[in-house]
Amino acid sequence: MAAGETQLYAKVSNKHKGRSTPSLLDPLLGMGFPAHTALKALAATGRKTAEEASDWLRCHRNDPSLDDPIPQEYALFLCPTGPLLEKLEEFWRDSKRQCAKNRAHEVFPHITLCDFFTCEDHRVECLYEALKKAGDRILGSFPPTVPLVLYSSISYLGFFVSDSPADVIREFAMMFATEASVLADCTVKPCTKQLHLTLAHKFYPHHQRTLEQLARAIHPSLSCQWTAALYSRDMRFVHYQTLRALFQYKPQNVDELTLSPGDYIFVDPTQQEEASKGWVIGISQRTGCRGFLPENYTEQASESDTWVKHRTYTFSLAMDLISRKDGEASGRRNGELHASQMPRGISSIQALQATIARRSVLVVRHGERVDQIFGKSWLQQCSTPDGKYYRPDLNFPYSLPRRSNGIKDFENDPPLSSCGIFQSRMAGEALLDSGIRVTSVFTSPALRCVQTAKHILEELKLEKKIKIRVEPGIFEWTKWESGKTTPTLMTLDELKEADFNVSTDYRFLLWACASVKKIKRKANGNW
């Protein structure tokens, strides 16, 4: 370890002496990462776990800016939770659908307490201490409710915070700025102007009336626990556009970026002279690398999608000192500094409402399948003489999952086309925007249906929470397929190997359907 590295490590490690929790830096240094890059990774991932930081470092091993001393920018927001947040998010969705996207959609519902400021990577943990100290000092005087008054103009719509509660909130922001200056040696500018929660900004004037009508459906008196949240962002990309990758892309040339679904790409609109039509030059948030990418593989993302939440402090007087200390201990493990838990009365009411809520069944048709576009001989068009798959057209899928009997089983169990994958994702995005809550997913064992379910769940951000239940009773064997040959469908083991989150515990009822009565379940899991 060089002399500079040793001094930096000594400075940071001294901060941790006498603390009960072990340093997150030590495991990273033990893996051989330099101190300055390890601290950079911790700051970029919110200082949650050493595993997240080490994964970040491995992804950024080819990042040309990895060794650059560029700190993150931080900001403190007061964020609503509970029923009020749900109503605000409903407004976000409805206003975007009815009046197009405006500047307010770039960020989640919030009240700005402190503008963005920089903090050196080795001092970030001091910001967490500043947040907790300021929160503990103001907790006793924090208003039990924050009165919000609707205000509208030709280019702005939002809630203003009434004077007396606003003074207390501004005092909290000032306390945090003072503590951060002392503990983290940061220059923090607290908000001293009218506190406000923006609903819409820089919209078309003819949308004002519609936006006002939607805003009047939000009742500011709804139950809410306010949470102070510390976020960070990469200061280099403040004025860039943010794109989200929809599809996987494998570079064809050395100057192209690798894309995986969900990757965020920063694009500078003023630096696109070198890009051909349909292509853009961007920097991957996941790897830090710069290169060309096909623009039609992406969609516009919100500015705050790439922000990192570090710590939160929730204001409430509904618990005593002992339970508050217990909440802090468990909250630190989740990156939160809780002052309380949800009052039992509120949580009980919400649980009851959830129990008696009306249930519905959504029936979704699968996306476009390859044989409907390329005909019955589609498999011959994309397979080599030795039975290997290749992609002759961009509307063919990027790859095919492995099957025990080889590629021939796809002939009667075709996958989605690239357009079919896109359609499935769009369906999932529409469900997300509509606010529909999905609790269970059942699908036919046909590959195209399992794929459709997977992509919808990915857009709903539920792909890891909800397992797909494969139900053969809803399989449709129509006249589209020629001949009387019954298809060989993928087994649950094959689906799991192909990264489909299918349930192995689900047991379907005995069924007999005229369209599928010849298909039986074999001992090895085939249908």
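**Close-up A. Asp371 and Arg369 meet in a salt bridge whose closest N and O atoms are 2.8 Å apart.** A salt bridge here is a side-chain nitrogen of Lys or Arg within 4 Å of a carboxyl oxygen of Asp or Glu. Asp371 is buried, with a relative accessible area of 5%, and Arg369 is buried too, at 4%. The cut-offs for these words are under 20% relative accessible area for buried, over 50% for exposed, and partly exposed in between, with a 1.4 Å probe and protein chains only. Elsewhere, salt bridges that share partners tie Glu73, Arg103, Arg233 and Glu303 into one network.

A note before you zoom in further: this is a predicted model, in which local features need pLDDT of at least 70 and side-chain atom pairs count only at pLDDT 80 or more, while totals for chains, interfaces and linings use all residues. Residues are numbered from 1 along each chain as its sequence is written, and side-chain values use heavy atoms, with hydrogens and water left out.

**Close-up B. Arg233 and Glu73 form a salt bridge between two strands.** The structure holds 23 salt bridges, and in this one the N to O distance is 2.9 Å. The pair links distant parts of the chain, with Arg233 in strand β6 (residues 227-233) and Glu73 in strand β1 (residues 72-79), 160 residues apart. Strands (E, at least two residues) and helices (H or I, at least four) are DSSP runs, numbered from the N terminus. Both Arg233 and Glu73 are buried.

Close-up C. Side chains of opposite charge can pair when their charged atoms come close.

**Close-up D. Phe176 belongs to the largest nonpolar core.** This core has 58 residues, and those with the most contacts inside it are Leu127, Phe176, Leu199 and Trp226. A nonpolar core is a set of buried Ala, Val, Leu, Ile, Met, Phe, Trp, Tyr and Cys residues joined through side-chain atoms within 4.5 Å. Helix α7 (residues 163-183) gives the most to this core, with 10 residues. Phe176 lies in α7 and is buried, with a relative accessible area of 0%. Leaving aside neighbours within four places in sequence, the contacts of Phe176 (heavy atoms within 4.5 Å) are Leu76, Cys114, Phe117, Leu127, Ala130, Leu131, Ala134, Val188 and Leu230. A second, separate core of 27 residues includes Val370, Phe410, Leu460 and Met490.

**Close-up E. Helix α14 is mostly covered.** Of its 13 residues, 13 are buried. The helix covers residues 447-459 and should span 18 Å at 1.5 Å a residue, which agrees with the 19 Å between its end C-alpha atoms; the expected span is 1.5 Å times one less than the number of residues. Thr452 is found in α14 and is buried, with a relative accessible area of 5%. Beyond its neighbours within four places in sequence, Thr452 is in contact with Arg365, His366, Gly367, Leu416 and Ser424. After the helix comes Lys461, whose phi is positive, near 60°.

**Close-up F. Helix α13 has α14 as part of its cover.** The buried residues of α13 are Ser418, Gly420, Ile421, Ser424, Arg425, Gly428 and Leu431. With 17 residues, α13 should span 24 Å, and its end C-alpha atoms are 25 Å apart, which agrees. Just after α13, Gly435 takes a positive phi of about 80°.

**Close-up G. Leu362, Val364 and Ile436 make a nonpolar patch on the surface.** Together they have about 250 Å² of accessible area, computed by the Shrake-Rupley method with a 1.4 Å probe, where for residues only the protein chains shown count as cover. Patches are made of residues with over 30% relative accessible area and no salt bridge; nonpolar side chains (Val, Leu, Ile, Met, Phe, Trp, Tyr) are joined within 5 Å and like charges within 9 Å. Ile436 sits in the loop between α13 (418-434) and β14 (441-443) and is partly exposed, at 37% relative accessibility.
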